[in-house]
Amino acid sequence: MRPATAAAAAVTTLFGVGAAAVVAGRYAGGAALRAPSGRPLPADRKLTVHATAAGQVTLTRSFAALRPGTYGLVGDGVQAVVGPVIEQASHAPDAVVRRLERINDGSLEPGAQVRITPALYSGDPGTALGLDYEDVEIPGELGILPAWFVPGPRDTWVITVHGLGTTREHPMNIMDFLHGLRLPVLGLAYRGDPGAPRSPDGLAHLGESEWRDLDAAVRFAVRYGAEKVVLHGWSTGASMALHAAVNSALRRRICGLVLDSPVLDWAATLRALATARGVPSPLLPLALRAAQGQTGLRGSRLLDASLPQALHAPTLIFHGPADTVAPWQPSRELAERRPDLVALHPVPQAPHAAMWNADPARYEEALRRFLTPLM
């Protein structure tokens, strides 16, 4: 082969490899960021229902089935709530028995495939919790954002915002508790959620653009009577709350932040999601670069910016060392860098965004103590 021909072939080969790498990277990045709202996280594997009896259900033995606390159980046509593991119940070695708290919809039949989820309720605050509420519309930069408003007599509002793998139904876990404190609650649906505008590129941005929808909710709350607001977010919703607390024109109205499993290192979370969805490890660097190029995600962690210095609102963080989606080390660093403002509440053995589920009573007591001086 002539030198010129060989060179041309080499260039063509390199171009082909480069193009394939770009395509592979875009595929890998999309696998992590294109999941629709409410789609279970990839770590939430299906379990088989082995048997049911009065007040108990037998499930495939797994780390998920053995988690301490209270969780939702969802499958085709069924939604239920399970409580703690019943240690003394007899069962096969490959099974585990949990307390069956209630069946909200459908029936649990042997052989059914179900998933453990942090969301206990479905529907709306009226049908699920028996609370008076209003469906409200919040003007956002991409269009109208639907939200639930549960009224209360105080002038401090709580705005709840869900995270990865869930919808605004997830924050209903604590809505009745907040209502008991007489706090108005605004449960937000943001871009990509059912009934809300789609993100222009169809991808999740892990809070870096979605926070502007939360900012719109803050403006709505102030317009309709809130003197102060507390932002309570889970996962990417927690990251949205941090962005709003630093960047919102109304940030001085934000008197407190409650962050459950915040995504502070987008690259680590993207790697975890891509890996769990089957992206081969050699493609992970390409996936990160492709995701950054497609979404404009910053190359550094949220914590690496001026956040600790810019943060002004008292902050309560619930996070667990067992979180495989959003590592908790950045939460520890934030608490260490601002001990005057940030309190970290560790929750052992809790999966991502399920800190309440692991120990509801302890979670709510910590939340009550934090909210009381902010009311």
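The following legends describe close-up views of a predicted model.

Local features are given where pLDDT is at least 70 and side-chain atom pairs where it is 80 or more, whereas totals for chains, interfaces and linings use all residues. Residues are numbered from 1 along each chain as its sequence is written, and side-chain values use heavy atoms, with hydrogens and water left out.

**View 1. Overall content of the chain.** The chain contains eleven helices and 14 strands; helices (H or I, at least four residues) and strands (E, at least two) are DSSP runs, numbered from the N terminus. Of its 375 residues, 53% count as buried, where buried means under 20% relative accessible area, exposed over 50%, and partly exposed in between (1.4 Å probe, protein chains only). Among contacts (heavy atoms within 4.5 Å) with a separation of 6 or more, 76% join residues 24 or more positions apart.

View 2. Six strands form a closed barrel in the order 1-2-5-4-3-6, with antiparallel pairing. Neighbouring strands of this sheet are turned by 45 degrees against each other on average, direction ignored; axes are lines fitted to C-alpha atoms, for helices over the stretch in contact, and angles run from 0 to 180 degrees between N-to-C directions. Strand 1 (residues 47–53) pairs with strand 6 (residues 113–117) in the antiparallel sense over two bridges, pairing being assigned if DSSP finds at least two bridges between two strands. Within strand 6, Gln-113 is the bridge partner of Thr-48.

**View 3. Gly-83 in strand 4.** Gly-83 belongs to strand 4 (residues 78–85) and is buried, with a relative accessible area of 0%. Although Arg-98 is 15 residues away in sequence, the C-alpha atoms of Gly-83 and Arg-98 are 6.1 Å apart. Beyond residues up to four places away in sequence, Gly-83 touches Gly-69, Thr-70, Arg-98, Arg-99 and Glu-101.

**View 4. Nonpolar cores.** A nonpolar core is a set of buried Ala, Val, Leu, Ile, Met, Phe, Trp, Tyr and Cys residues joined through side-chain atoms within 4.5 Å. In the largest core, of 50 residues, Leu-108 and Leu-178 touch the most other members. Apart from it lies another core of 41 residues, which includes Val-229, Met-240, Ala-244 and Leu-264.

**View 5. Strand 9 and its parallel partners.** Six of the six residues of strand 9 are buried, so this strand is largely enclosed by the rest of the structure. One side presents Thr-156, Val-158 and Thr-160, the other Trp-157, Ile-159 and Val-161, and all are buried. Strand 9 runs parallel to strand 11 (residues 228–234), joined by six bridges, with Val-158 opposite Val-230. Four bridges join strand 9 to strand 10 (residues 185–188), also in parallel, and Ile-159 stands opposite Leu-186 there.

**View 6. The loop residue His-170.** His-170 lies in the loop between strand 9 (156–161) and helix 3 (172–180). With a relative accessible area of 2%, His-170 is buried. Its contacts, not counting residues up to four places away in sequence, are Pro-118, Ala-119, Trp-234 and Ala-353.

**View 7. Aromatic rings.** The whole structure holds three aromatic pairs. One of them, Phe-220 with Tyr-224, is tilted, at 4.6 Å centre to centre and 40 degrees between the planes. Rings of Phe, Tyr and Trp (its six-membered ring) pair if their centres lie within 6.5 Å; planes under 30 degrees apart count as stacked, over 60 as edge-to-face and the rest as tilted. Phe-220 is buried at 7% relative accessibility, whereas Tyr-224 is exposed at 53%.
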